[in-house]
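Visitor: I would like to learn how to read salt bridges in a structure. Please show me with an example.

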Amino acid sequence: MKNWSKRSLNGAVKVACGLIVIALLPWLPRAKGVSVVMQHNDLARTGANISETILSPANVNTSNFGKIFTDTLDGQVYAQPLYVENLSISNGTHNVVFVCTENNTVYALDADTGGITYWRTNLGTPYTSPTCNDLTPVVGITGTPVIDLSSGTLYVDTKLATPAHKLHALDLITGSEKFGGPVTIAALNFSAAVQAQRPGLLLLNGIVYLGFGSHCDQGSYHGFEMGYNATNLTQQVAVFNTSPSGSEAAIWSGGMAPAVDTNGNLYIMTGNGTFDGASNFGECMVKLNGSLVVQDYATPANWSNLNTGDTDFGSGGAVLLPPHYVTGIGKDGMLYLADINNMGHVGNFVQGFQADPSGGDTVGKSPVYWQGPVKQYLFVLHSNNATKSFQFTGTNIMTTALGTSSFTMNDRCGGLSLSANGATNGVLWEIGSDSNLRAYDAVNFPKLLWSGSVGSYVKMTCPTIANGKVYVGTSSTLGVWGLTNYLYLKAAPPNPTVNWANGALVQANTLSGPWVTNPVVSPYTLVTTNTQMYFRLRIH
């Protein structure tokens, strides 16, 4: 029997008088377009896309949700995939997902249909570490790029075999170099062989910022944050060394980019290394201005013990919370809250408590923040622990967890992201160390909505959610999940394209029918005519 239930009637497209008019049925959401152009969605690094109008706890389930397609890549994906909607590319308008691999390859892929590559470019032979096995077999693009939509540019760092780090500015449409790139990253006491570019890149006020830590704590290294002129990469405009008269204090942050407040101040977290609170800032949350000058800092009272145990405070990154707070969790499982107007220096946090019991050489990932319908939520992931949900009151974090998932990560955890339609329909997405993608009801966490294999996961990576689809980079692929009974539409007049995963496209001149099967296959580009036509998706 044909299924004509509500869930199969996901949209109607009206073609009349040479114009395309989109008419969604009244019980179904209409997508508000969104682009994901930076690591963890926004400058506060909340990890939440709050403009998701298609996916919800009501439809993310085994009946309606699943893998749509997979694209094969040439290496591991540590960088979070980025997404640009309605990009004018390849003689059309398309949604495009940008994916980077450790083989130093950048891909521009169709975000709605598998097997379509608009361009790919390899930016040089990647580095092979002779002794470090933390990232194998090669090290290329590790930090998440950042995209500037106004100039149509993707900024990305590569590590090359020579060895060298290079900053590139790539044209979104062609993949070609621009703005004087690539340039070789250089600074006093910076050694490309031992420095690792793990944090996501930041674009702020015409400056591209990059953070650096180390590979396996080998060699003589420092933590660095550097800034380059976004339209002339040959101009290095700022350098911050976290331990200029000492050593170490890496900025690696589990892949997190710096958080930025409304005044343009940057917030980073550092690992074990020299600390004196004057010029050396190991085991710290550090507040920097746009010129990378220290404005304030906070460090745990037991920073010396953390150093001794290689228990990085900065194993995750800083996340800003309204109205004026910053939070972060380190390897020891302590979740800290600081006031950005007075960070407190040594041991004077607003709050600190043991959110997760695990300590030692593990990973504390950055919390994900969401303002829900009633409560403010923090979702915390830590190695050798289960993901937890906490309530943030606006001044402190309630220390008793609202919920705890049934799955426990190993010591190389995955990552979290969240999708919601403003303060409603929150879904928490988790990549597990068991190589499964899980979707939880964010309000009723840990209610599990759906789970499925991603293939071979990559540690500390986060999914990207945009316009009804979930994008996950793995050891050799980009996997894409979405509603399997949904008629997606790309609003690209005058000839928009519809695509779907299962079922058959049917059409009629009126909503009352008769409905006849259109034998086309997905994706299908609608051509304007003078005949009114409606389309539906029939699920068999």
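**Salt bridges**

Guide: By the rule used here (a side-chain nitrogen of Lys or Arg within 4 Å of a carboxyl oxygen of Asp or Glu), the count comes to eight salt bridges. This is a predicted model, where local features need pLDDT of at least 70, side-chain atom pairs count only at pLDDT 80 or more, and totals for chains, interfaces and linings use all residues. Residues are numbered from 1 along each chain as its sequence is written, and side-chain values use heavy atoms, with hydrogens and water left out.

Visitor: Which residue forms a salt bridge with Arg120?

Guide: Side chains of opposite charge can pair when their charged atoms come close. Here Arg120 pairs with Asp74, with 3.6 Å between the closest N and O atoms. Arg120 is in strand S8 and Asp74 in the loop between strands S4 and S5, 46 residues apart (strands, E, are DSSP runs of at least two residues and helices, H or I, of at least four, numbered from the N terminus).

Visitor: Is Lys459, which forms a salt bridge with Asp134, buried or exposed?

Guide: Lys459 is buried, at 12% relative accessible area, whereas Asp134 is partly exposed at 36%. Buried means under 20%, exposed over 50%, and partly exposed in between (1.4 Å probe, protein chains only). The closest N and O atoms of Lys459 and Asp134 are 2.9 Å apart.

Visitor: Which residues join Lys331 in one network?

Guide: Asp312 forms a salt bridge with Lys331, at 3.9 Å between the closest N and O atoms. Shared partners join Asp310, Asp312 and Lys331 into one network. Asp312 is buried at 6%, and Lys331 is buried at 4%.
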